[in-house]
Amino acid sequence: MIKEYKTIKEIASPLMVVEHVEGVTYDELGEIELPSGEVRRCKVLEVEGDRAVVQLFESAQGINLAQSKARFLGHPQQLAVSEDMLGRVFNGMGQPIDGGPDILAEAHMDINGLPMNPAARAYPAEFIQTGVSTIDGLNTLVRGQKLPIFSGSGLPHAALAAQIARQARVLGDNETFAVVFAAIGITFEESEYFINDFRRTGAIDRTVVFSNLANDPAVERIATPRVALTAAEYLAFEKDMQVLVILTDITNYAEALREVSAAKKEVPGRRGYPGYLYTDLATLYERAGRRQGKKGSITMIPILTMPEDDKTHPIPDLTGYITEGQIILSRELHRKGIVPPVDVLPSLSRLKDKGIGEGKTREDHAGTMNQLFAGYSRGKDAKELMTILGEAALSEDDKLFAKFADEFEKRYVSQGNTTNRSIQETLDLGWELLSILPRRELKRVKPEMIEKYMPKK
Amino acid sequence: MSGTITKVSGPLVVAEGLADANVSDVVRVGSQRLIGEILNMTGDQASIQVYEETSGLGPGAQVVTTGMPMSVELGPGMLDNIYDGIQRPLPEMRAQSGDCIARGIDVPALNREKKWDFVPVAKPGDKVGPGDVLGTVQETSAILHKIMVPNGITGEVVSVESGEHVVEDVVAVVRDTKGVEHKLTMIQRWPVRIARPYQKKYVPRRPMNSGQRIIDTMFPIAKGGTAAVPGPFGSGKTVVQHQLAKWSDVDIVIYIGCGERGNEMTDVLMEFPELKDPRNGEPLMKRTVLIANTSDMPVAAREASIYTGITIAEYFRDMGYDVAVLADSTSRWAEALREMSGRLEEMPGEEGYPAYLASRLAQFYERAGVVECMGSDERQGSVTAIGAVSPPGGDISEPVAQATMRIVKVFWALDSSLAYARHFPAINWLTSYSLYLDSLESWYTQQFGEAYMANRSKAMHILQEESELQEIVRLVGQDALSASDRLTMETAKMIREDFLQQNAFVDEDAYSSYAKQFRLLDIILRYDVLCREALDKGADMNGLFAIDAREKIGRAKMADAETFAADYDAIEAQMKDEIAKVIAGGEEA
């Protein structure tokens, strides 16, 4: 029997205090029934004696202290999961909003998940071809990786993420593929952009959408990525699917977290975000991965907009410390009309080394990658010098490097949102660009490779 | 002794009715018997930090104290193993609860069924004290595990058993001075927050060879020393830590993954058994203990993990081994400390960190050192502590980095601009330092002659000069420099690219012996000397810079570890030859 309490003592949205409770436990899911019969959800943040502090997922509007009833359900928030979720649209709490029937649950799973045992993980090492040169060639994505896109307001991150979702495939492999898309506090238009793209390519039948839009309750956003990842874990590890999870936008998630933390009067960390932001984000991001003996995998692409394009802001900063690299979009390149405007120098994929090379991509991959990075970096320095001192101040070598940097941006980076390059095309293009540079400067590629792959003039 | 929960707030639980419990006792919380530790006591109320997720815990649940402080089990079976932050073996946990870590799992740290071949060293009638070796066990092919008399027991050996035993079997009986007989097994327990005793501490005077050129030649660390590796994300902290774990010439490596990525631990787990120790050819895993408390695992256990790690390190040190502790990352440990402090409603210090942050960090690093171990055979052991620091935004003015810098003697500052240019290891040669240079200099001189350290100072000087010259170039362009300054810049570039850069993922380059390091730097500096002479003789500068030997020097670091000397001789000869030709060409023209 579930007890009902009419002892709500205090509401300071999004928190509520219920007194004289019995048997309530930490993190338990609760419901509030309004006099009108409307039911809203909440969860327990703290219990002390017979007093429970709970967090409302929706607005507190209309809750009447005297007549509203609170009840506690005896378990943390759960998600009803089934393979039928594919092709459906849910709200941020995991309830269907597409007019279809409820999900006939094959299981109910705790949305918080459990930490994965590091001894049970399988190391991500399978190359995913995204068809985007700056990713495949320089910041290679592998199955089971978490690789965020660091963007800024007004930058085309949605186009890049949709392109990846559309083009990503593992070479020579016919496994079932699924996309879990979580809209976290983004606008209707942005969300529709993704959904339309999935629809256009037919991917929608393999996609589960969780949608918490900008006008949905902010606190619900704390649950949305967890709900989405629970669905992803089910599809990946129970149903053997290769799942790509897109979470957008993590900045909105962190702000919701800050809102609850401020309401709880916790000691704030940097920029008012709670001190546990790192741990909290880690419990989301670390749910990506592969497990030994399981076919499925979760590859995660979280998107976040950096406030003021500042990479040291707590949200991108802490994300970068948890995820296995980052793809950074640059406003400068965007202004130059480079599509996608990926800033390759600060971008990074930490797992690339195990996913490339002979048998995975091609033997020359690692060498050319390092050489392109080094060449582009030196070319950019040379160009900077040129703007100050004029072209005459550059040495002959530096002039070549400057030319290389320009060509690299124009041809390698700027491939457009519809070009799908195979890894061979990407690598060959890399060699073509390297042929601009003097041969003695190509220290990072083995001489045999130069002989074999460098286009003969 | 049991109490009742009155409050649950995340990992913090308050329970009453625990008047007889001690501060720092380990307690079991709720029906799932979650593991926790008492932090504070007020009357009969105890504040408890729980090392597991507390979801589903509420007032009224029972708390039982074990009456023991947070301890680790020390004995054979730790090497080649992977533990969580409170020393539970992860493979056994996986066998019990599947791919994810369920709660309330109780697994002994040391395997109770595995038999070890115990070879006695002590004989009945021997007088023994704490630290004296009773016998040995070949724990892995690489390491001989010494079973020592635990602390606090002095007396006469009554009996010793030899042969196959499990860790809980009695292997020796010692009668102390009061006539009490102690039955000793292969297990010792030690509270993690207390440093293990030793006889005497020494100033570190031997370097730890890491095979990394920028470390061994430029900023060396001593065995028994302390170092910090700070850097923003993506600058390669973890790769530096992995390189040290792989190639350091220590006997034992304790690698603590503290609040970091799960896949990185998996990487170590998969790679280390494959890699061979360059000194004895044994798989590296045979000398390694991994402690993995990844960022998604409970935060309180993260706080405990570095103590668990250093206590295990001290235990191996007590056997007379050189041990390296690598903690990645101490910033995550500090954040765990901050989180618990916030829940305890303590008055925050800087940036919300508790006021005792600096003293806790200092206590940790102070457990490193070269010591004369307990026991009568005057053996020496060392613990070297190397901690990664992950400052927010890469800004080292924050409290954790600052508190760390006040303690450690070596500072390898990682730099994101170097990382962007793919200069790895991205250790900045201008901002890093090593305070061991003076105490290690005599060792280097003894081993390799005075030239080693002289070359180092010269190279550092050239790099310094380069940074000053770069300022000028930025203002007025390269043409304004004299030929001699141009040469300095050219040599500095060679030192940076051909010496300091080292690729951890290429087998030939990942490890560089002292001899190879010395020769490589020597060739570059020789080039500088010869060119300077040539310039004085009026040789063409651009001709000197374009000699073919330059490309060979650029690839010299890839030379084979066995035969590099001959290759280097050839390069040097070619270089001399070509420079002489440039001089001759200049004279003709």
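Me: In β1(B), which residue is the bridge partner of Val47(A)?
Reply: Val8(B) is the partner in β1(B). This is a predicted model, where local features need pLDDT of at least 70, side-chain atom pairs count only at pLDDT 80 or more, and totals for chains, interfaces and linings use all residues, while side-chain values use heavy atoms without hydrogens or water. Residues are numbered from 1 along each chain as its sequence is written, with chains lettered from A and ligands numbered from 1 in the order in which they are written.

Me: How many bridges join β5 of chain A to β1(B)?
Reply: 2 bridges, between β5 (residues 39-48) of chain A and β1(B), and the strands run antiparallel. Strands pair if DSSP finds at least two bridges between them. Strands (E, at least two residues) and helices (H or I, at least four) are DSSP runs numbered from the N terminus.

Me: What area is buried between chain B and chain A?
Reply: About 6,100 Å², with carbon and sulfur atoms giving 52%. Buried area is the accessible area (1.4 Å probe) that two parts lose on being put together, summed over both. On the chain B side, Phe233(B), Asn263(B) and Arg422(B) lose the most area to chain A, together 14% of what that side buries.

Me: And how many residues does each chain put into the contact?
Reply: Chain B gives 76 residues and chain A gives 75 residues, contact meaning heavy atoms within 4.5 Å.

Me: How many salt bridges between the chains?
Reply: The count is 6, a salt bridge being a side-chain nitrogen of Lys or Arg within 4 Å of a carboxyl oxygen of Asp or Glu. Lys7(B) forms one with Glu46(A), with the closest N and O atoms 3.6 Å apart.

Me: Which elements of chain B touch chain A?
Reply: Those giving two or more residues include β1 (2-9), α4 (262-271) and α11 (451-476) of chain B. α4(B) gives the most, with 9 residues.

Me: Switching to chain A: why is β15 called largely enclosed?
Reply: Because 9 of the 10 residues of β15 (residues 177-186) of chain A are buried, that strand is largely enclosed by the rest of the structure. Buried means under 20% relative accessible area (1.4 Å probe, protein chains only).

Me: What does β15(A) pair with in the parallel sense?
Reply: β17 (residues 242-248) of chain A, over 7 bridges. Another 7 bridges join β15(A) to β16 (residues 207-213) of chain A, also parallel. Val180(A) has Val245(A) as bridge partner in β17(A) and Val208(A) in β16(A).

Technical notes. Buried means under 20% relative accessible area, exposed over 50%, partly exposed in between (1.4 Å probe, protein chains only).
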